[in-house]
Amino acid sequence: MAKNGNDAEIDEGLYSRQLYVLGHEAMKRMQISNILISGLRGLGVEIAKNVILGGVKSVTLHDQGVAEWKDLSSQFYLREEDLGKNRAEVSQLRLAELNSYVPVTSFTESRVTGVCVFDQVVVLTNSSLDEQIRIGDFCHSNGIKLIVADTRGLFGQLFCDFGEEMTMFDVNGEQPLSAMISMITKDSAGVVTCLDEARHGFESGDFVTFTEVQGMTELNGCDPVEIKTLGEIICDTSSFSDYVRGGIVTQVKMPKTVAFKSLSSSMAEPEFMVTDFAKFDRPGQLHMGFQALHAFEKKHSRLPKPWSQSDADELVALAEEVNAAQSGSAKQEQLDQAIIKKLSCVAAGDLAPINAFIGGLAAQEAMKACTGKFMPIMQWLYFDALECLSEAEDAVLTEEECAPRNCRYDSQIAVFGSKLQELLAKQRYFLVGAGAIGCELLKNFAMMGLASGEGEVIVTDMDTIEKSNLNRQFLFRPWDVTKMKSETAAAAVKQMNPSIRITGHQNRVGTDTEKVYDDDFFESLDGVANALDNVDARMYMDRRCVYYCKPLLESGTLGTKGNVQVVIPFLTESYSSSQDPPEKSIPICTLKNFPNAIEHTLQVLEAVYKSLVTDKPRSWEDCVVWARNHWQCQYNNNIRQLLSGAPFWSGPKRCPHPLEFSTNNDLHMDYIMAAANLLAQSYGLPGSTERSALTKLLQDIKVPEFVPKSGIKIHVSDQELQNANASVGKRSGGEPFGGCGFETVDDETNFHMDFIVAASNLRAENYDIPPADRHKSKLIAGKIIPAIATTTAAVVGLVCLELLKIVQGHKKLESFKNGFMNLALPFFAFSEPIAAPKHKIDWTLWDRFEVKGIQPNGEEMTLRQFLDYFKVLLHFHSGKLVLVYSWFTLCYSLRMNTNWRSLCSLREFPCSTLSSCLRPSLKNGWTCRELVLLILETS
């Protein structure tokens with residue numbers, strides 16, 4: 001087994017997407033961290049899964065309990081044949097498969113403190129309050145970081161204690177800001193003015209440093225300086241030389257020390273993290289409620305029975321006692337008895353979505369404890385999803401409806417009753433995508449019992465599994481690489497719950513597959529869940545859901561950020577109703593002549609396209625000759641031509657310098673090797689990786705002498721380029737040249753990334769721009785989306801809570817929750833979805849007129865009957881029918897004369913081609929088959 005540790009190399013092929021979230025230094029700190037997780041029910045296994053995928057040094061699993069029916073509602077690594085076996089021992093074998101770099105061991109003894117001395121982080125789940133306090137005090141006094149996580153039905157709790165001096169090296173995870181300087185005043189409150197291209201984004205209290213400043217050179221490379229911002233950046237420059245020109249100001253991430261109180265101290269003086277500002281006072285209430293639950297369980301050796309009113313009354317009384325005993329800020333002026341009673345009614349439940357959400361957060365906190373990356377939760381977090389219960393105010397489930405049935409859904413039935421379970425089993429859902437979000441959705445679907453009866457889950461994904469997927473798409477294993485995602489994921493969740501009916505497809509969703517996903521397919525669905533990674537596909541599925549009036553569950557992640565949107569027919573706006581602003585584009589003149597950042601130099605394929613006009617190479621030697629001349633043209637001749645004109649460098653326009661080729665320069669040789677091999681591949685010629693032989697070939701190549709041309713105009717703006725009909729090649733990641741396309745950046749054998757890295761860094765050297773390593777170049781050129789398993793798990797947990805509401809038939813807008821989170825800050829925001837906008841006649845994007853074209857007697861509706869129908873209908877909407885179209889043919893106009901109306905004829909169109917069709921019938925006159933385009937005039 002490969003192992004993590006002090007000397008271990010980071011496997012960038014496996015951890016690439018996570019590295020873009022955490023960075024190499026944080027990843028190295030995580031690789032030397034040991035974690036103990038106590039409690040292997042649904043929440044514990046979720047946390048263990050996420051930290052093992054993350055790549056810690058080792059994970060120890062602790063649990064003395066055995067698998068029971070109630071565990072199977074959310075513990076996805078327990079099966080029916082495991083009932084009666086120790087949860088930790090059974091889970092250990094399956095969790096160990098997730099990451100070969102992370103040793104996973106199980107521990108079943110009673111004394112956790114005897115083993116946790118070897119760990120950096122201890123995570124407690126499903127533990128008693130007495131045990132939490134005892135282990136919490138031990139950890140706090142021994143410098144061990146503690147996380148306490150718990151879920152009770154629709155409620156969740158999280159507590160963090162990372163010691164009295166926890167140093168955070170990066171509190172938000174954002175890339176350091178940087179801006180170009182136009183002026184610096186010499187003063188005790190010196191003002192640094194940035195170029196006006198965009199807001200600099202700095203804030204008071206930030207620390208910055210300076211480079212490339214001319215004149216006031218004392219600033220270059222100075223220690224980080226704290227600044228104030230008043231539109232400009234202010235710092236003390238009174239003792240420095242006079243400023244001349246230029247310079248770059250760059251933000252510096254400064255370490256921050258955070259102090260935590262122990263669990264026992266924090267119980268009385270809690271600091272709450274609010275997850276939902278609509279429930280601002282809820283954390284204090286639940287702080288009392290969870291303590292009352294512990295007291296109830298200690299007294300009765302059990303949790304309150306599901307929906308038992310007597311147990312609920314007793315829990316309220318215990319909560320009052322707990323609250324009365326408080327002397328610190330934890331004491332509540334008045335307890336919300338309704339909330340405490342609901343906590344009692346659902347506390348025996350164990351829901352996969354709640355465990356996914358709290359488990360994702362807890363795992364991220366464990367990573368923060370290991371790495372010092374991102375701001376921890378300070379210190380208590382409470383969460384509830386009571387909106388998932390019935391909307392009817394007087395609806396109360398009975399003990400009988402929620403009693404255990406010795407089935408795998410007992411812990412879900414304890415919360416919602418058996419009727420919802422029957423509804424879930426009948427659901428037919430379409431899941432689009434089987435990547436990270438798709439895998440998590442399928443796991444939750446299986447645990448919840450979705451499509452476990454007459455229903456079905458159809459999952460489609462046209463991609464195959466790659467090594468980089470294994471870090472977060474947890475249904476896949478190393479031996480699954482190159483297999484189809486959808487089929488592999490479907491087989492994996494069938495092992496988690498053999499009852500789920502699931503079918504895997506390998507189709508792309510779009511107009512080319514509408515014969516597969518046709519009217520019959522969509523009309524048979526109960527809903528759609530998107531697990532996509534691009535906006536175009538999301539918008540296409542959104543249009544289909546609006547057309548067929550199907551609910552849509554939409555979600556996405558970007559590093560530690562995640563969002564959830566629920567789209568409900570006739571209630572909310574659709575996904576496409578509001579869009580993010582377009583990404584800021586880089587001016588072409590900047591890319592072509594004036595790059596000032598490494599992102600600009602990574603647009604490198606312009607010159608590659610020009611290679612198509614060269615003569616076809618006949619040998620490897622010809623490819624080397626072309627590559628050498630190409631290097632000379634790009635990094636020497638073109639720069640000399642640029643410098644031969646009028647001086648253009650000022651502000652953000654850097655003055656370039658030509659490079660001189662040398663076989664002793666590794667970067668120069670990397671470029672020649674990659675470019676020559678790419679050209680050879682495109683023409684089917686054998687390549688070579690022999691560096692010594694390449695050096696000999698290059699020594700014999702005669703490069704033509706270059707003389708700059710006169711009268712060449714340098715275009716300094718995009719407008720000048722357009723006016724001059726200038727053209728620029730496509731950017732990195734564009735179409736292939738000569739049959740050798742620029743494919744996935746994860747393939748280390750095809751010379752694509754070798755070429756991109758070398759070409760961009762050579763251009764960066766031309767302009768004195770700091771180079772980018774291969775890792776950063778992949779991020780930019782491959783347009784890679786940073787990803788981490790913790791965010792995905794948390795987001796999908798919220799998605800599945802919305803699914804529960806949809807299946808129950810919730811109708812109130814306030815029952816649903818759109819959500820946004822940033823686990824790095826941490827920050828959470830929930831809001832009710834935006835209602836579908838209504839137009840003049842109470843008409844929304846979901847509304848349509850549906851007319852049955854076939855009458856009860858079997859005859860088709862005539863156009864006259866169709867018009868009469870709408871005259872009656874529109875009378876109630878204060879409108880009138882002005883025009884009727886079928887496809888592009890006018891069928892009726894209010895302004896037609898009588899003769900034209902009767903003589904107007906229609907061409908016949910096949911219904912398989914058109915969504916609506918009118919056609920003439922000799923027997924019945926004008927007939928209406930399906931839907932038509934109506935133009936209405938409202939008063």
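Q: In this predicted model, what makes strand S4 (residues 121-125) and S5 a pair?
A: Two strands pair if DSSP finds at least two bridges between them. S4 and S5 have five bridges, in the parallel sense. They therefore count as paired. Val 123 stands opposite Ile 147 in S5.

Q: What do S4, helix H6 (residues 129-141) and S5 make?
A: They make a β-α-β unit, and the unit is right-handed. Right-handed means that, with the strands pointing away from the viewer, the path from the first strand over the helix to the second runs clockwise.

Q: What makes S5 and strand S6 (residues 155-161) a pair?
A: The cut-off is at least two bridges. S5 and S6 have seven, in the antiparallel sense, so they qualify. Arg 152 has Phe 155 in S6 as its bridge partner. The hairpin of S5 and S6 has two residues between the strands, and Gly 153 takes a positive phi near 60 degrees there.

Q: Why is strand S5 (residues 145-152) called mostly covered?
A: Buried means under 20% relative accessible area. Eight of the eight residues of S5 are buried. Lys 145, Ile 147, Ala 149 and Thr 151 point one way, while Leu 146, Val 148, Asp 150 and Arg 152 point the other way. Residues pointing either way are buried. In a regular strand the side chains alternate between the two faces of the sheet.

Q: Why is Thr 511 called exposed?
A: Exposed means over 50% relative accessible area. Thr 511 has 65% relative accessibility, so it counts as exposed. Thr 511 is found in the loop between strand S20 (502-505) and helix H16 (519-523). Its C-alpha atom is separated by 8.7 Å from that of Tyr 540, 29 residues apart along the chain.

Q: Why are H25 and H26 called roughly perpendicular?
A: Angles of 65 to 115 degrees count as roughly perpendicular. The axes of helix H25 (residues 752-766) and helix H26 (residues 774-781) cross at roughly 100 degrees and come within 10 Å. H25 and H26 are therefore roughly perpendicular to each other. H25 contributes Met 753, Asp 754, Ile 756, Val 757 and Ser 760 to the contact, and H26 contributes Arg 774, Ser 777, Lys 778 and Ala 781. By class, the contact has four nonpolar, two polar and three charged residues.

Q: How do you know that strand S12 (residues 228-230) pairs with S13?
A: At least two bridges are needed. Three join S12 to S13, so the strands pair, and they run antiparallel. Thr 229 stands opposite Ile 233 in S13. Gly 231 takes a positive phi near 90 degrees in their hairpin, which has one residue between the strands.

How values were computed: Residues are numbered from 1 along each chain as its sequence is written. This is a predicted model: local features need pLDDT of at least 70, side-chain atom pairs count only at pLDDT 80 or more; totals for chains, interfaces and linings use all residues. Side-chain values use heavy atoms; hydrogens and water are left out. Axes are lines fitted to C-alpha atoms, for helices over the stretch in contact, and angles run from 0 to 180 degrees between N-to-C directions. Helices (H or I, at least four residues) and strands (E, at least two) are DSSP runs, numbered from the N terminus. Angles under 35 degrees count as roughly parallel, over 145 as roughly antiparallel, 65 to 115 as roughly perpendicular and the rest as oblique. Contact means heavy atoms within 4.5 Å. Ala, Val, Leu, Ile, Met, Phe, Trp, Tyr, Cys and Pro count as nonpolar, Asp, Glu, Lys and Arg as charged, and the others, Gly among them, as polar. Buried means under 20% relative accessible area, exposed over 50%, partly exposed in between (1.4 Å probe, protein chains only).
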